[in-house]
Amino acid sequence: MLFGRGDQLDLLAGMVDGVRAGRGRAVVVRGAAGVGKSALLTAARAHADTAGVQILSCAGVRSETHLPFAGLLQLLRPVLGAADRLGTLRGTALLGGLGLREVTVTEPLVLATAVVDLIVAVAGDRPALVVADDVQWLDRSSVDVLGFLARRLGDQPVGLIAAVRDDDDVMSAADLPELRLGPLSAPDAEALLTGRFPDLPADVRDRVLDEADGNPLALLELPLAIASAGSLPHGLPRVLPLTDRLERAFAARAGELPPAARAALLTAALDDGDQIGEILAAASVVHGEPVTMAEVGLIVRAGLMDADEATLSLRFRHPLVRSAVHQTAGIAERHAVHTTLAGLLAGNPDRAAWHRAACSVAPDEGVALALEQAAGRARARGALATAVTALERAVRLTPDRQRAGGRLLMAADTEFEGGRNVAALRLVDEAERHPLGVIDRNRVRWLREVYGDDAWTGTDSIYLFADTAERMWRDGDPERAVSALVLVSIRCYWTAADPAASARVAAVAADIGDQVDDVRIPAVLGLAAPVDHGVEVRARMRRLADQGLSARDSCLLAAAATAVGDPALATRMLDDVVSGLRDEGRAGRLTEALVQQTWADVLIGASAKALPAARDAAQGAVLVGRPRWGAAADAAHAVCLARAGDLAGAAAMADRAERYFSSTGASPMLALVQLVQLVQLARGAASLAAGRPAEALTHLLRISDPSDVAHNPHLTEWGLVDLVEAAVLGNRPQAVSEVIASLTAQVAVSGSPMLRAGLAFARRVLDQDFADLEFSGPPSFGPSDLCLADWPLTRARLLLAASTWHRRQRRVAAARDARSAAEQIFTALGATAFLSPARPRRAGDLTDQELQVAELAAAGHSNRAIGERLFMSPRTVSTHLYRVFPKLGVTSRADLTAALSDDVDDAAR
């Protein structure tokens with residue numbers, strides 16, 4: 001019986017019953033050592049088993065915290081046979097991450113998604129309860145996946161219960177409801193003690209009740225300790241805290257075992273595995289004579305460990321038992337066990353490295369290198385936290401302080417990759433206290449510039465960054481030099497940097513480009529100085545676009561293509577990249593590519609294409625922990641919604657993007673400036689769609705105002721067409737005269753196609769010059785060498801303005817033809833707000849995720865394909881469709897296309 005835990009057990013039992021009904025839920029059971037967390041979990045498991053719910057369990061072990069996904073492997077081992085239901089990509093990621101298959105690199109997000117998919121898949125056959133005990137001793141990578149799972153249970157028949165010590169915040173980031181276990185009440189404590197030890201003398205019973213103070217483990221173990229010690233005062237000294245007394249009690253019980261059994265017990269305590277054969281083999285070497293199952297029987301009968309005959313494994317009855325055995329063994333004994341295990345595990349280099357580290361009494365480069373290599377393998381499997389732990393241990397064992405500093409920077413890089421910037425900067429601080437080499441000193445400056453709290457501020461910092469890159473190049477680190485230039489060039493573009501500072505960055509890039517064949521150099525030139533290098537960069541981009549570049553390089557070159565005024569080239573480059581990244585499941589790079597693709601399509605005017613990409617990008621940004629990308633996607637999403645006539649949705653998206661300002665983390669200045677600019681573009685588009693040109697003009701003029709935080713001369717051309725239209729519709733054409741004059745001078749140097757198209761529109765609209773505008777045949781409204789097919793929205797808006805002008809001139813047929821041509825383009829682009837005020841759509845009743853699922857299902861994608869695209873399980877896709885059908889008034893997937901099309905038609909009418 002669980003004395004005093006009836007209410008808590010009822011709560012967990014209710015949770016299990018909810019799982020049977022398809023209501024997923026997660027809860028953390030928190031309490032001090034020995035208060036009965038494990039017993040409560042055992043009771044919950046028993047209830048789940050009776051209710052027909054399958055159980056997946058794992059328990060943290062202190063000695064396994066350094067093993068990548070050790071807890072996850074323990075949890076999933078019973079259901080790994082179902083991994084073939086995940087498809088090739090996620091099945092490979094799962095088995096590779098768990099170390100069961102050779103893989104080159106596993107993305108952490110893809111692995112975590114695969115875990116969720118596997119558990120949801122097996123829960124579809126039979127509801128599942130995930131039970132994780134002693135989470136504070138699980139490896140951190142497994143804990144991260146458990147948190148990912150807990151946040152995605154939703155309407156799945158999956159529950160999760162995680163037990164953790166009161167003094168550990170390991171599950172706090174998951175923000176789950178908590179069930180706190182305190183001491184037993186006095187009556188319950190007495191009932192438990194009397195029920196288990198009915199013959200205990202009254203004075204001993206009172207002493208135990210007083211010492212245990214309601215702790216169930218103490219109530220059960222202290223009487224045995226008293227009996228073993230023979231006398232109460234000496235057996236339980238008052239000066240020790242309760243956990244120490246319990247450890248003493250377990251240590252006393254272990255001390256009564258014969259030497260061979262003690263050797264087996266100590267080996268089990270220090271081993272990071274639990275297999276009986278391995279433990280007995282190592283114990284035999286340490287003991288000098290064979291240690292057999294007879295000794296295992298003695299350990300089990302002493303109540304110190306439990307043996308599982310089915311898996312041939314041993315588990316300690318409580319973590320305090322392992323701690324007691326560890327603490328009471330001498331250092332020589334522990335080193336002997338670790339040395340033996342390191343030798344026996346030579347075929348498992350990761351485990352062997354940790355045992356070698358545990359018995360190292362002085363710095364040892366061989367051991368440090370083995371740990372560094374183990375970190376590399378962990379990083380490849382997606383276990384970033386484990387990799388950091390291994391590198392930090394390697395640092396402590398590195399004899400050469402300069403090399404130790406380099407390993408600290410490796411750890412910092414890994415923390416940055418996992419999004420833990422604060423922890424990463426702490427490691428950079430520590431590295432700086434070492435005598436770093438030239439390249440590593442440059443790396444420190446680079447990391448601080450990129451990730452530090454003061455990054456992205458001031459012209460002087462741009463010069464410093466350019467100098468750092470130049471120094472890296474001269475000191476023999478061209479790869480990092482170009483990487484540094486990439487980052488500072490992005491900064492130049494988005495922060496309206498001083499032209500002289502930007503020119504300095506471009507000069508360094510040009511110098512390096514003369515010596516190094518790196519495809520990123522033209523991107524740096526285009527981002528740092530798009531006006532001066534625009535013509536040259538566009539020519540080089542077009543040659544590079546068909547060379548089969550990596551996703552990283554393609555994304556960078558696409559960003560530069562947009563910067564030099566060729567978003568049409570950017571979106572063409574990104575189409576194949578996005579498709580490939582989806583297939584590979586590389587969520588981080590995919591999100592970055594989607595944000596760039598979305599804005600390139602927005603600038604062209606392809607709202608219908610940009611809209612789903614914006615949704616995907618925003619969702620991906622949440623999953624990979626990149627909120628700035630999500631805010632940028634939201635701003636693009638707002639523009640698309642405004643053009644489609646969804647004014648409320650556009651306002652909500654712009655608001656969501658703007659809320660990011662208050663939560664900016666690393667690189668605050670860049671994020672602030674970039675998002676202010678994009679939000680102004682979004683609000684300008686929304687105001688125009690709502691028929692408020694004066695308000696739109698206010699938003700858009702901020703970008704061209706040098707005194708405004710949103711100022712950026714590069715992005716002025718992004719919003720030029722909206723700006724001119726707002727000025728004309730608001731009867732304030734003079735408000736844009738200076739902007740037009742400045743951009744006209746600029747385009748003479750840059751040759752930007754986007755700017756040329758925008759200025760051609762501006763000239764026609766401001767001068768009301770529509771008499772010779774062609775309505776059919778090849779598009780024509782600007783210079784003959786401008787590829788106007790790349791600017792369909794600009795052409796359609798010009799045709800609409802021409803229609804109004806012809807109507808005023810009483811040229812009815814010309815007005816009709818111009819409007820008809822414009823309508824065709826607007827409809828194809830999904831920009832019908834320019835034709836009439838938007839009407840409510842039934843699809844507007846759908847959530848963003850439901851609309852994404854509906855659109856993909858309408859396009860013919862299977863539930864599995866939709867799930868892989870949106871990083872959700874096929875079952876979750878099915879749940880969304882179950883909700884979508886009644887909202888749209890349809891009963892099958894076949895009806896979705898018509899329903900969604902009807903909504904668009906309603907908006908256009």
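**Exercise 1. Find out whether Cys58 is buried or exposed.**

Solution. Cys58 has a relative accessible area of 4%. Buried means under 20%, exposed over 50%, and partly exposed in between, using a 1.4 Å probe and protein chains only. So Cys58 is buried. Cys492, at 0%, counts as buried too.

Before you go on: this is a predicted model, where local features need pLDDT of at least 70, side-chain atom pairs count only at pLDDT 80 or more, and totals for chains, interfaces and linings use all residues. Residues are numbered from 1 along each chain as its sequence is written, and side-chain values use heavy atoms, leaving out hydrogens and water.

**Exercise 2. Work out how many disulfides the structure holds.**

Solution. Look for pairs of cysteine sulfur atoms within 2.5 Å, which is what counts as a disulfide. The structure holds 0.

**Exercise 3. Describe where Asn712 sits and what it touches.**

Solution. Start with the chain: Asn712 is in the loop between helix H35 (693-704) and helix H36 (713-716). Helices here are DSSP runs of H or I, at least four residues, numbered from the N terminus. Next, check accessibility: Asn712 is at 0%, so it counts as buried. Then list its contacts (heavy atoms within 4.5 Å). Leaving aside neighbours within four places in sequence, Asn712 touches Tyr493, Trp494, Thr495, Ala496, Gln677 and Ile703. Finally, take Gln677: Asn712 is 35 residues from Gln677 in sequence, and their C-alpha atoms are 7.6 Å apart in space.

Terms used: Helix = DSSP H or I, 4+ residues; strand = E, 2+ residues; numbered from the N terminus.
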